[in-house]
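Welcome! Take a moment to look over the sequence and the 3D view, and then let us walk through them together.

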Amino acid sequence: PMLLVNLVNNLSCVESAIAVGDDYSAKKVLFADALVTIVGALFGNPFPTAVYIGHPAFKAMGATTGYSYINGVLVFFIG
């Protein structure tokens, strides 16, 4: 069931990004997510990765790639 939840979540995130004018390939997004999930599993992570939800809100606030980078660094040090 988690596979389907993750698939639907990722596709909805791609669609919300497209709705605000950013063109992302669903195939590339799903491939990257699957690849990172596999790498995480090889390191013992039991949870699938996920694409950020809320793209339109973050874009409206002026967030850029730095937002994702900062989140990743914080999760690395906190987790």
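## A salt bridge

Asp22 and Lys59 form a salt bridge, in which the closest N and O atoms are 3.1 Å apart. Asp22 sits in the loop between α1 (2-19) and α2, while Lys59 belongs to helix α3 (residues 55-60), so the pair ties together parts that are 37 residues apart in sequence.

A search of the whole structure finds one salt bridge. As for Lys59, its relative accessibility is 37%, and it therefore counts as partly exposed. Keep in mind that you are looking at a predicted model.

## The overall picture

If you step back, you will find four helices and zero strands in the protein. Reading along the sequence gives the pattern α-α-α-α. The C-alpha trace spans about 35 × 30 × 20 Å along its principal axes.

How do parts of the chain that are apart in sequence meet? Take the contacts between residues at least 6 apart in sequence: 52% of them join residues at least 24 apart.

## What lies on the surface

The protein has 79 residues, and 13% of them count as buried.

One place to look is a nonpolar surface patch formed by Phe31, Leu35, Ile38, Val39, Leu42 and Phe43, which together have about 710 Å² of accessible area. Phe31, one of these residues, is found in helix α2 (residues 26-42). Is Phe31 buried or exposed? Phe31 has a relative accessible area of 58%, so it is exposed.

Conventions
Residues are numbered from 1 along each chain as its sequence is written. This is a predicted model: local features need pLDDT of at least 70, side-chain atom pairs count only at pLDDT 80 or more; totals for chains, interfaces and linings use all residues. Side-chain values use heavy atoms; hydrogens and water are left out. Patches are made of residues with over 30% relative accessible area and no salt bridge: like charges are joined within 9 Å, nonpolar side chains (Val, Leu, Ile, Met, Phe, Trp, Tyr) within 5 Å. Accessible areas come from the Shrake-Rupley method with a 1.4 Å probe; for residues, only the protein chains shown count as cover. A salt bridge is a side-chain nitrogen of Lys or Arg within 4 Å of a carboxyl oxygen of Asp or Glu. Helices (H or I, at least four residues) and strands (E, at least two) are DSSP runs, numbered from the N terminus. Buried means under 20% relative accessible area, exposed over 50%, partly exposed in between (1.4 Å probe, protein chains only). Contact means heavy atoms within 4.5 Å.
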